[in-house]
Amino acid sequence: MRAAALSYLALMLIIPLLVIFQDGLSQGLAGLWQAVTQPVAWAALLLTLRTSAMMVLINTIMGTLTAYVLVRYEFPGKPLLNALVDLPLAIPTLVTGVMLVILYGPQQPIGAWLERTLGWRIIFAPPGIVLALLFVTFPFVVRAVQPVLLSLDRSVEDAAATLGAGPWTIFRRVTLPPLALPLTSGALLSFARAVGEFGAIIIVAGNIPLRTQTAAVYVWGEVESENRFGASAVSVALLAIAFTLILVVDLIQSRRQEGGGR
Amino acid sequence: MTLQPGRLGKTPRERWPRPVDWRRRWLRRALVTVVLLYVGILIVAPIAGLVAGALAQGLGPVLATFRDPQVQKAFGLTLRISLLVVAIQAVFGTAVAWMLVRDDFRGKKFINGLIDLPFAVSPVVVGYMLLLLFGRQGLFAPVLQTLDMRVAFAVPGMALATLFVTLPFMIRELVPILQAFGVQQEQAAATLGASGWTTFRRITLPALRWGFIYGVTLTLARALGEFGAVLVIGGGIQGRTETATLYIYRALDERQYVAAYSAALALGLFSLLLVLGTELLRRREESRQ
């Protein structure tokens, strides 16, 4: 069984990863650095990191709030809300992109209205990318925080309230600390997922170099125009980010298990 | 990594109702409203938009889209690749999960971390990696030429890409179940004289049933919607390597909006029903116990 499992993993995972690293490093580290910092590639990487960071910020706040509301409150429509959280996992990301264009595209009523009255351009602009990423990664933070929140002992919060703490103080000083690790791992996972996202972004952002082209879209363009080294270099950069994030998430999760498995 | 759709219990019922003062009540209303608005704008509105967009000219054009042989072919290809991938993943996913739980060797921790990687690798990079291996100037090109096999810009390459992308799902569903199941029952079976294979088939596999159900659902949902990786390795050649997602992309590009929206709606609905169906199955199982 071990032989079968290991050869499957070697064939599916390790050989493809090695080939791309070998290709990206074929001109040395200096060559790789030069290809990655070439203006169009660099702008694409920066845009990717910026929009993903923005998504993580919003997702962390709203994801925690959604989990909190789902665990602590009873209200009509709660089962429906709980089911809606998982929906993005079931919807192909390309379809997500199509949905957002239908809603906010410049030729659509809402999109045109937003642009005319508020001057907000969403589709073919960075806000559209952030919106697409938020849709795609919505379950990650909620589902990371929810089980931990569910297992918390509420008598500690009651004790804090008896001692005169306000709701915000209770949340910040009592509820939030045990959520820190799952929250971080959920946020990092959503960031990792966002950095590589392609299907939703290609539809929503278009493909304008230096302005709305993300790293994944840049790699696609380089592959199409047969610029092999440019594609490999940015791919290696993306893989390095993915590796690091997955490593950190793994570390956090094993630390949580050692810490008594909250 | 834990991403299990809606598998959470209900809040434990409190013994006494909590006293709620009016300030708390307003806070609660405000927070619930904010969350409902957020989910409404972020998730519900786009879905409603897609439904409205597809049905903008009535049901006729939607139905006409699915009578188009191109569309039927694209959906057929998606289904074929997805089912193949699910079958392979079920077999090798079990092997890998078994190895991760029961086997012990140096480097196991590293392998365990590696399994989650496909989750974070960009689909475009996945497709490109396979091109570097199987493309015209790829590493395996000479071998493929002598065997007269085509992988890049053909269905085998697309299946490989989908396999890479869906690798973690089955394994991550099976590992915790296998861990919780332990070895006692297997040992009992062995003491009673069952062979290794019989024990696996009659004891281990049935215990893994729910892991398989979830694993298949998640793998299938991901495989049906894969776009970037199959675009790069398959090239989206009309009638040959065009899957459902690639058809949607082309239809948008050619400004056939109703066709694109209808196909997107069908694909989204299909994955959705899949996940919902599994959820209902679980509820029925739970209420039976």
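How are α11(B) and α14(B) oriented to each other? In this predicted model, helix α11 (residues 209-225) and helix α14 (residues 257-288) of chain B pack at an angle of about 175 degrees. Angles over 145 degrees count as roughly antiparallel, and α11(B) and α14(B) are therefore roughly antiparallel to each other. Their axes lie 10 Å apart.

From α11(B) come B:I213, B:Y214, B:T217, B:L220, B:A221, B:L224 and B:G225. They meet B:L267, B:F270, B:S271, B:L274, B:V275, B:T278 and B:L281 of α14(B). Sorted by class, the contact of α11(B) with α14(B) holds 10 nonpolar and 4 polar residues, with no charged residue among them.

**The two chains**

Let us step back to the chains themselves. Here are some overall values for each.

| Chain | Residues | Buried residues |
|---|---|---|
| Chain A | 262 residues | 45% |
| Chain B | 289 residues | 41% |

Along its principal axes, the C-alpha trace of chain A spans about 65 × 60 × 35 Å. For chain B, the C-alpha atoms fill a box of roughly 65 × 60 × 35 Å along the principal axes.

What about contacts across the sequence? Taking contacts with a separation of 6 or more, residues 24 or more positions apart account for 74% in chain A. The corresponding share in chain B is 79%.

**Where the chains meet**

The contact between the chains takes 67 residues from chain A and 70 residues from chain B. On the side of chain A that touches chain B, the elements giving two or more residues include α1 (2-24), α3 (39-72), α7 (126-151) and α12 (228-258) of chain A. The largest share of that side, 11 residues, comes from α1(A). By class, the side of chain A that touches chain B has 54 nonpolar, 7 polar and 6 charged residues.

**A helix crossing in chain A**

The crossing of α3(A) and α7(A) is right-handed. Their contact is made up of 19 nonpolar and 9 polar residues, and no charged ones.

**Domains of chain B**

Chain B is divided into domain 1 (19-54) and domain 2 (59-288). Taken over C-alpha atoms, the centres of domain 1 and domain 2 of chain B are separated by 34 Å. The contact between them takes 4 residues from domain 1 and 6 residues from domain 2. On the domain 1 side, the residues that touch domain 2 divide into 3 nonpolar, 1 polar and no charged.

**Some single residues**

A few individual positions also deserve a look. Most residues other than glycine have a negative phi. A:F124, which is not a glycine, has a positive phi of about 60 degrees. The place of A:F124 is in the loop between α6 (109-118) and α7 of chain A. Is A:F124 buried, exposed or partly exposed? A residue counts as buried with 20 or more other C-beta atoms within 10 Å and as exposed with 12 or fewer; A:F124 is partly exposed because it has 18.

In chain B, B:D148 has a positive phi of about 55 degrees, although it is not a glycine. B:D148 is found in the loop between α7 (141-147) and α8 (155-181) of chain B. B:D148 counts as exposed because it has 6 C-beta neighbours inside 10 Å.

Finally, B:P69 is found in helix α3 (residues 69-102) of chain B. B:P69 is exposed, since 9 other C-beta atoms lie within 10 Å. How many Å separate the C-alpha atoms of B:P69 and B:D116? B:P69 and B:D116 are 47 residues apart along the chain, and their C-alpha atoms are separated by 38 Å.

Key:
Residues numbered from 1 in each chain as written. Chains lettered and ligands numbered in written order. Predicted model: local features only at pLDDT ≥ 70, side-chain atom pairs only at ≥ 80, totals over all residues. Helix = DSSP H or I, 4+ residues; strand = E, 2+ residues; numbered from the N terminus. Contact = placed C-beta atoms within 7 Å. Nonpolar A, V, L, I, M, F, W, Y, C, P; charged D, E, K, R; others polar. Left-handed = near helix turned anticlockwise from the far one by under 90°. Domains from an automatic or database assignment. Axes fitted to C-alpha atoms, helices over the stretch in contact; angles between N-to-C directions. Parallel < 35°, antiparallel > 145°, perpendicular 65-115°, else oblique.
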